[in-house]
Amino acid sequence: MNRLSFTLPSDLKTTLHSTLDEWQLEGKLERLWRRDATVWTGGDEAKWLGWLNIVRQSLQQLDGPESLVRDLLARDIRQLVLLGMGGSSMAPEVIAETFGQQPGHPGLIVLDSTDPAQVKAVEAAIDLERTAFIVSSKSGSSLEPNILMAWFLQRMAEAVGAEKAVSHFIAITDPGTSLDRLATADGFMRVFHGEPDIGGRFSVLSNFGVVPAAVIGIDCRRYLEDTLEMVAACETTRELADNPGVLLGCILGVAANAGRNKLTLVASPSLASIGAWLEQLVAESTGKQGKGIIPVDGESLVSSADYGNDRVFVYLSLAGEVDSEQDKAIGQLEQAGEPVIRITLDDRYTLGQEFFRWEVATAVAGSVMGVNPFDQPDVEASKIEARKITDACEAGESLPDEVPLAADAQLTLFADAGNAVELQDLAGEQTVAALLKAHFSRAKAGDYVALLAYLDRNTANTRQLQQLRDTVRQQGKIASCLGFGPRFLHSTGQAYKGGPNTGVFLQITAAASEDLQVPGRGFTFGIVEAAQAQGDIDVLAERGRRVLRVHLGDDVMA
């Protein structure tokens, strides 16, 4: 089984032991497995604990995914594109990137963006006649996978004819959803069902993660049987200090309660993609009611002196894959007394163990922090605001006019009234540079800066934004996060709006170089992306967040 070790400052270690003793005394682990909602807030938590038993269930249902694999190979399908958002897309992406291309099996591309350039890039990378699409949506009604499905159904019909087009599509959704009905009525190649008592971010070990894993050639029987080792260990009630899920969850919970709520994720190169999945799981589960753990993924490692005292570091490594720079940096952090958790995976097939461990740990951390880890009350707020704009556009109205705060030859700044007044007072000089400087200066010790980029999630854009993150940390020892819209809206967006008001947000938008009309709808992908960005910033401002938008115009790289 995957190994965990940790070093903690003495104050956290003392609190951890008392918390474990409390869990032992009050029988909280047994109550958790009995689906007792009073482990948390006594609300609707019991309705969302189907993931506790899903590994055994998935093992019993492997015939369906395995028969799909045989059908796809018989049809010489060489590429799979998964259209999804949030938990239904991030988990398959982690699995595909961790295992890599399997000999004799199709590769997997995950598309979870409404950015027109990203949609076009995926289309350019595939041969439609040799491609199958997985439309993955728990609710079946999420805007993003539905409009992506409409686009590629149209493109497939143009390539192979309308009658054959649907035979290239597979659906994964909960029973009885609109997607379930459409896929069944239209004759999709296959429909797989999720479990209604499992939320999206906890669904990785259900069909939402298992079906994509099977079709790209993963030995899912071995993968799930390895995962059962972790399930069994997390069920044990003897010594909770030896329970891998409870131990990790209590560490995270007591650290967050003590102000160390920046969960800094470091991973071996082949495991690097797991950070995006952990971001959603942890942030969306704990970030509410003014509390929250803020995951920090993909930040450059530096010396202890360059961090504030708000961090917990988790180092996920793969046995046999040594990154000497990472190892050295983590060792220095341990020697400096920083809280460091080390998790070592024996091989890639024990990835499922980490999925389950972290699900248990997140549930436990939510209990320690006093929140319901299974709801996401602030995610819907942005969807509602975005829907108002797309509905208006479909009715023939234009996007709402905006008055810039400042502009120069390349950049235009926008802010709500409250942020505009504060920034103008801080900046003095009303130039773009002065206002940007004033905005970043609002980040103080214990805060974090989040870059919210409504851009194509390509290598060049990511590299530039990562450099900006390094600058932020160098200037003030401030943690930084990077999210591409709209995918982060279904992930860290919950914590940004409902968690502690310690974020300083820079939203980054750009004009669509080539827009795409959504088939059968009165709007384009570019309008959807703009509406999502506007809905996002409106809710952040309404929640009193420090937020500024910078529009890059036509030449994004410049």
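**Helix α21 and the cysteines**

User: How many residues does α21 have, and how far does it reach?

Analyst: In this predicted model, helix α21 covers residues 525-542, which is 18 residues. From its first C-alpha to its last it reaches 26 Å, close to the 26 Å expected at 1.5 Å a residue.

User: Is α21 largely enclosed or exposed?

Analyst: Helix α21 is largely enclosed by the rest of the structure, because 14 of its 18 residues are buried.

User: What comes just after α21?

Analyst: Gly544 follows, and this residue takes a positive phi of about 75 degrees.

User: How do the axes of α7 and α21 cross?

Analyst: The axis of helix α7, residues 143-160, comes within 12 Å of the α21 axis, and the two cross at roughly 170 degrees. The two helices are therefore roughly antiparallel to each other, since angles over 145 degrees count as such.

User: Which residues meet there?

Analyst: On the α7 side they are Leu143, Glu144, Ile147, Leu148 and Trp151; on the α21 side, Phe525, Val528 and Gln532. By class, this contact has 6 nonpolar residues, 1 polar and 1 charged.

User: Changing topic: how many disulfides does the structure hold?

Analyst: The structure holds 0 disulfides.

User: Is Cys250 buried or exposed, and what about Cys393?

Analyst: Cys250 is buried, with a relative accessible area of 0%. Cys393 also counts as buried, at 8% relative accessibility, because the cut-off is under 20%.

Conventions. Residues are numbered from 1 along each chain as its sequence is written. This is a predicted model: local features need pLDDT of at least 70, side-chain atom pairs count only at pLDDT 80 or more; totals for chains, interfaces and linings use all residues. Side-chain values use heavy atoms; hydrogens and water are left out. Helices (H or I, at least four residues) and strands (E, at least two) are DSSP runs, numbered from the N terminus. The expected span of a helix is 1.5 Å times one less than its number of residues. Buried means under 20% relative accessible area, exposed over 50%, partly exposed in between (1.4 Å probe, protein chains only). Axes are lines fitted to C-alpha atoms, for helices over the stretch in contact, and angles run from 0 to 180 degrees between N-to-C directions. Angles under 35 degrees count as roughly parallel, over 145 as roughly antiparallel, 65 to 115 as roughly perpendicular and the rest as oblique. Contact means heavy atoms within 4.5 Å. Ala, Val, Leu, Ile, Met, Phe, Trp, Tyr, Cys and Pro count as nonpolar, Asp, Glu, Lys and Arg as charged, and the others, Gly among them, as polar. A disulfide is a pair of cysteine sulfur atoms within 2.5 Å.
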